[in-house]
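Welcome to this set of exercises with worked solutions. Keep the sequence and the 3D view open, and try each task before you read on.

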Amino acid sequence: MKTFLIFFVSIFIVSCSTHDDFVNETDAKLHYVDAKEILKNLERDLNASRPEFNIKFESSEVIKIDEVYYLRAVSGEYISTTLLEKDSKGMLFSRGISCTSKVCATTDGCIPTTSGKSCTSCGGGIGDCTKTVSTDNLPYE
């Protein structure tokens with residue numbers, strides 16, 4: 001009986017700790033593996049171009065602002081926001097542009113525009129918004 005209980009608890013813990021998708025109260029999904037890859041590439045690119053940022057993401061979530069999806073990640077005082085797009089199956093993928101800021105970390109400023117070409121202004125244009133471009137992660141077939 002004791003062995004069965006240990007086995008049951010072990011299965012329960014393992015099944016509750018798998019992370020296949022981020023759902024975060026949106027009507028679309030981003031695979032956990034894709035999110036990790038997006039954030040790993042963004043960390044690499046930001047630390048190469050702006051080593052003083054010393055980016056190491058601690059948390060992330062999918063958010064929706066004005067009907068547009070973003071992957072928002074936190075590293076200390078910095079917030080990075082990556083533009084996402086939803087495919088016909090409801091899966092999210094990166095559009096390849098991220099915007100990072102310390103000054104605008106508490107606002108919806110310094111986010112990628114829907115065109116995917118620039119970042120929105122922050123604090124009347126006096127903020128520290130940094131645009132990073134990386135390769136898109138293509139939608140699933």
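Ile65 has Val68 in S4 as its bridge partner. Before you use this pair, note that the model is predicted: local features need pLDDT of at least 70, side-chain atom pairs count only at pLDDT 80 or more, and totals for chains, interfaces and linings use all residues. Residues are numbered from 1 along each chain as its sequence is written, and side-chain values use heavy atoms, with hydrogens and water left out.

**Exercise 1: The chain as a whole**

Task: Find which pattern the chain follows along the sequence.

Solution. 
- Step 1. Start with the elements: helices (H or I, at least four residues) and strands (E, at least two) are DSSP runs, numbered from the N terminus.
- Step 2. The chain has two helices and seven strands.
- Step 3. Reading along the sequence gives α-β-β-α-β-β-β-β-β.
- Step 4. Now look at cover: buried means under 20% relative accessible area, exposed over 50%, and partly exposed in between (1.4 Å probe, protein chains only). Of the 141 residues in the chain, 39% are buried.
- Step 5. A contact means heavy atoms within 4.5 Å. Take the contacts between residues at least 6 apart in sequence: 42% of them join residues at least 24 apart.

**Exercise 2: From S3 to S5**

Task: Work out how many bridges join S3 to S4, and which residues with positive phi sit in the hairpins.

Solution. 
- Step 1. Two strands pair if DSSP finds at least two bridges between them.
- Step 2. S3 and S4 run antiparallel and are joined by seven bridges.
- Step 3. Their hairpin has two residues between the strands, and Asp66 in the turn has a positive phi of about 50°.
- Step 4. Move on to S4 and S5, an antiparallel pair with six bridges. Here Val74 has Ile79 as its partner in S5, and Ala73 stands opposite Ser80.
- Step 5. The hairpin of S4 and S5 also has two residues between the strands, and Gly76 takes a positive phi near 60°.
- Step 6. Check the cover of S4 (residues 68–75): seven of its eight residues are buried, so S4 is largely enclosed by the rest of the structure.

**Exercise 3: From S5 to S7**

Task: Explain why S6 counts as largely enclosed, and find which strands pair with it.

Solution. 
- Step 1. Strand S6 (residues 92–101) has 10 residues, and nine of them are buried, so the rest of the structure largely encloses S6.
- Step 2. S5 (residues 78–86) runs antiparallel to S6, and seven bridges join the two. S5 is mostly covered as well, with seven of its nine residues buried.
- Step 3. Across this pair, Glu85 stands opposite Phe93 and Leu84 stands opposite Ser94.
- Step 4. Five residues lie between the strands in the hairpin of S5 and S6, where Gly90 takes a positive phi near 85°.
- Step 5. S7 (residues 130–133) is also antiparallel to S6, with four bridges. In this pair, Cys99 stands opposite Lys131.

**Exercise 4: Helix H2 and the largest pocket**

Task: Find which element gives the largest share of the lining of the largest pocket.

Solution. 
- Step 1. Helix H2 (residues 32–49) has 18 residues and reaches 26 Å from its first C-alpha to its last, close to the 26 Å expected at 1.5 Å a residue. The expected span is 1.5 Å times one less than the number of residues.
- Step 2. Buried residues in H2 include Ile38, Leu42 and Leu46.
- Step 3. On a 1 Å grid over the protein atoms alone, a cavity is a set of points where a 1.4 Å probe fits but cannot get out, while a pocket is an open set with protein on both sides within 12 Å along at least five of seven lines; lining residues have an atom within 4 Å of a point.
- Step 4. The largest pocket has 11 lining residues, and Lys36, Leu39, Glu43, Phe57 and Ser60 lie nearest its centre. H2 and strand S3 (59–65) are the elements that give two or more residues to this lining.
- Step 5. H2 gives the largest share, five residues.
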